[in-house]
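Please look over the sequence and the three-dimensional picture below before reading on.

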Amino acid sequence: MQRRLVFNLTAYALLVAAGLTAAPARAQPNYTVSLAQLQQAVAQRFPLQYPLGGLVDLTLQAPVLRLMPELNRLGATMAVDAGGPALGQRYPGSFDVDFALRYEASDKSIRAYRLHFNSLRLQGLPPGPSGLIEAYGNSLAQQALFEVVVHRLRPQDLALADTMGLEPGTLTVTDKGLTIGFVNKSVQ
């Protein structure tokens, strides 16, 4: 009796996960990645250094990510430090971008793309050099975060979906993190 109950509960859980129950609205199976998990994955790539023509060098620290559900994007603010022969001293500041996300099936990763450069501000830097460095902002954003992996799905994250013929499809930024929706596998 107990074995049968466990079997029935397991079968029902699989049906619910697959969206196959007779509920009025069928929910798409999904997997949620928390902001902390995203933050940890991105931080592994930093700090980064960028020399600009041998006269200025910029150091970017690990970004602090923010969820932007209203735009279905992630934002990133990074501490930046500028120095080098042209500046004579070090200037701290901040660098801000936001980006969309895409799934890369070849390595089961979620990656940043469609970057939008928002600002590069350095404290105490005179307007001339500041404007010159800010002109590099979009290029710097592309180098620092374009295609950076924000999460990698593990085999165990995909095991149940694989057995049901599903694969990651939709990526939705919510107040709780990144929700990965599963869709039927494409026929190849």
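## The chain as a whole

How many helices and strands are there in the protein chain? The chain holds 5 helices and 10 strands, and it should be kept in mind throughout that this is a predicted model.

When contacts with a separation of 6 or more are considered, residues 24 or more positions apart account for 56% of them.

The structure holds 1 aromatic pair. Its members are F95 and F117, whose ring centres are 5.8 Å apart and whose planes meet at 35°, so the pair is described as tilted; an angle under 30 degrees would have counted as stacked, and one over 60 as edge-to-face. Because F95 belongs to strand β6 and F117 to strand β7, which covers residues 109-122, the pair ties together parts of the chain that are 22 residues apart in sequence. Are these two residues, F95 and F117, buried or exposed? Both of them are buried.

## S94 in strand β6

Strand β6, which runs over residues 91-104, also contains S94.

Which residues does S94 contact, once its neighbours within four places in sequence are left aside? They are T77, M78, V80, S119, L120 and R121. For one of these, S119, the C-alpha atom is separated from that of S94 by 7.9 Å, although the two residues are 25 residues apart along the chain.

Strand β9, made of residues 166-174, and strand β10, made of residues 177-184, pair in the antiparallel sense over 7 bridges. The two strands form a hairpin with 2 residues between them, and within this pairing T172 stands opposite T179 in β10.

L67, which lies in strand β4 (residues 64-68), has contacts that include V173, T174, D175, K176 and G177, and it also touches L35, R73 and L74, with residues up to four places away in sequence not counted. L67 and L178 are 111 residues apart in sequence, yet their C-alpha atoms are 8.4 Å apart in space.

Terms used. Residues are numbered from 1 along each chain as its sequence is written. This is a predicted model: local features need pLDDT of at least 70, side-chain atom pairs count only at pLDDT 80 or more; totals for chains, interfaces and linings use all residues. Side-chain values use heavy atoms; hydrogens and water are left out. Helices (H or I, at least four residues) and strands (E, at least two) are DSSP runs, numbered from the N terminus. Contact means heavy atoms within 4.5 Å. Rings of Phe, Tyr and Trp (its six-membered ring) pair if their centres lie within 6.5 Å; planes under 30 degrees apart count as stacked, over 60 as edge-to-face and the rest as tilted. Buried means under 20% relative accessible area, exposed over 50%, partly exposed in between (1.4 Å probe, protein chains only). Two strands pair if DSSP finds at least two bridges between them.
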